[in-house]
Amino acid sequence: MQDLKISKKKPSFPITPQLSGYLSDYNRNVKIPIFYDDLLRFQGSIIVYDKDDNDTLWIRVYYNEFEREEIESALKKVYTIFHSDGNENIIPLLSIDAIDFCTFGNSRPFRIKIRNILNDNSTYFYVKTADASRVYGLELEHMLSPYNLNFLVYENTLIEEHIAGIPGDEFIKNMLPTCSKSEKSQIAKEFIKFNERCMIRMLGDMRSYNYVIVPTHDFDKVVYRIRAIDFDQQSYEGKFNIYRPQFFKENYEMVQLVANSIQKMSIDQYKTEERSIMVKRLKSSHIRLGRLLSCIESDVISTKEYVDLLKMTIFDYTHDVNFKKSKNMGEILKYSLEFIKRNYENVNLENLKRY
């Protein structure tokens with residue numbers, strides 16, 4: 001499989017006043033007591049290894065005593081704002097167990113591990129720079145995928161919830177080979193739907209380490225779902241195949257799984273199912289989605305070169321002149337969603353005429 005080449009470093013795009021107003025109206029723009037830059041003042045660090053002594057590409061950071069108390073107190077307040085509307089009564093029950101920093105990737109996030117000292121239950125959240133591309137990606141995932149997302153933005157800082165699951169690369173290497181035939185078939189079906197969803201909503205770079213596999217026990221079987229965890233490459237790249245996970249070499253085993261488990265007729269069926277349910281989500285969120293698309297259309301989140309390349313590629317696929325006339329990534333995304341909605345409705349009308 002030929003490897004796709006993407007930008008080594010995507011630029012970070014600022015939050016525009018229009019996007020900020022949108023986030024405020026939907027309770028995403030909330031004042032918090034700490035900024036991303038505050039966490040960069042760490043004094044030292046050590047490498048974080050996994051259980052097999054492999055470098056995780058995260059480092060655990062440390063602060064001097066005065067700053068540590070101030071930072072941990074602020075992070076506890078962020079947690080209460082994030083999960084309990086700012087109720088500070090629970091702050092004495094919280095402990096910041098770890099602050100990890102990742103230099104790999106575009107967002108260079110901090111991962112905060114916070115624990116309830118009464119029962120030892122712990123969870124994570126992330127502190128990142130507020131990149132407009134990622135915010136658009138999070139909002140689109142919230143509206144157009146089966147999953148709701150919780151995040152906050154304040155000036156240049158993004159607070160993002162942890163999405164639990166098994167990293168795709170780890171699952172493919174260690175768990176997929178031991179799955180039963182029926183489980184492999186179900187995973188293949190989910191990958192088809194995931195691939196279709198990413199393509200339609202223009203979420204790029206879904207290599208195996210940018211999504212997680214979520215197993216759920218259901219009666220006498222385990223049901224697997226695939227969830228994106230990285231939204232930096234929302235509507236940025238110009239190569240159309242970057243928005244199709246099937247074309248990344250890291251997903252080769254998943255593509256082979258589909259080829260070995262699912263017949264062509266069923267692949268088409270699952271694509272239709274995913275498009276159908278996305279249209280239902282489009283209709284149920286049309287007001288909010290319309291406002292978000294208006295923000296993206298008036299924003300600059302890519303280059304003219306990438307816009308021109310992508311719009312002509314999609315025009316060649318669809319022969320929809322709207323793509324050819326698109327002036328930016330926001331318009332391409334809008335016409336992509338309109339194209340899916342229009343064709344889904346046409347299919348319904350044709351079916352009704354048969355009866």
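**Salt bridges and a pocket in a predicted model**

Biologist: Which residues are linked with K128 and R134 in a network of salt bridges?

Modeller: Happy to start there, keeping in mind that this is a predicted model. Side chains of opposite charge can pair when their charged atoms come close. In the network, K128 and R134 are linked with E160, D230 and D232.

Biologist: How many salt bridges does the structure hold?

Modeller: One of them joins D100 and R60, with the closest N and O atoms 2.7 Å apart. This pair connects strand β3 to strand β2, at positions 40 residues apart. The structure's count of salt bridges is 29.

Biologist: Is D100 buried or exposed?

Modeller: The cut-off for buried is under 20% relative accessible area. R60, at 29%, is therefore partly exposed. D100 has a relative accessible area of 2%, so the label is buried.

Biologist: Which helices does the salt bridge between R275 and E196 tie together?

Modeller: Good one! The closest N and O atoms of R275 and E196 are 2.4 Å apart. The two residues sit 79 residues apart in sequence, so the bridge ties together separate parts, R275 lying in α8 and E196 in α6.

Biologist: Which helix gives the most to the lining of the second largest pocket?

Modeller: That pocket holds about 330 Å³ of space. Its lining has 17 residues, and R275 is among the closest to the centre, along with M199, F240, Y317 and T318. Helices α6, α8, α10 and α12 each supply at least two lining residues. With four residues, the top contributor is α6.

Note on methods: Residues numbered from 1 in each chain as written. Predicted model: local features only at pLDDT ≥ 70, side-chain atom pairs only at ≥ 80, totals over all residues. Heavy atoms only, no water. 1 Å grid on protein atoms, 1.4 Å probe; cavity = no way out; pocket = protein on both sides within 12 Å on 5 of 7 lines; lining within 4 Å. Points joined across faces, edges and corners; volume = space filled by probe spheres on them. Salt bridge = Lys/Arg side-chain N within 4 Å of Asp/Glu carboxyl O. Buried < 20%, exposed > 50% of the residue type's maximum accessible area, 1.4 Å probe, protein only.
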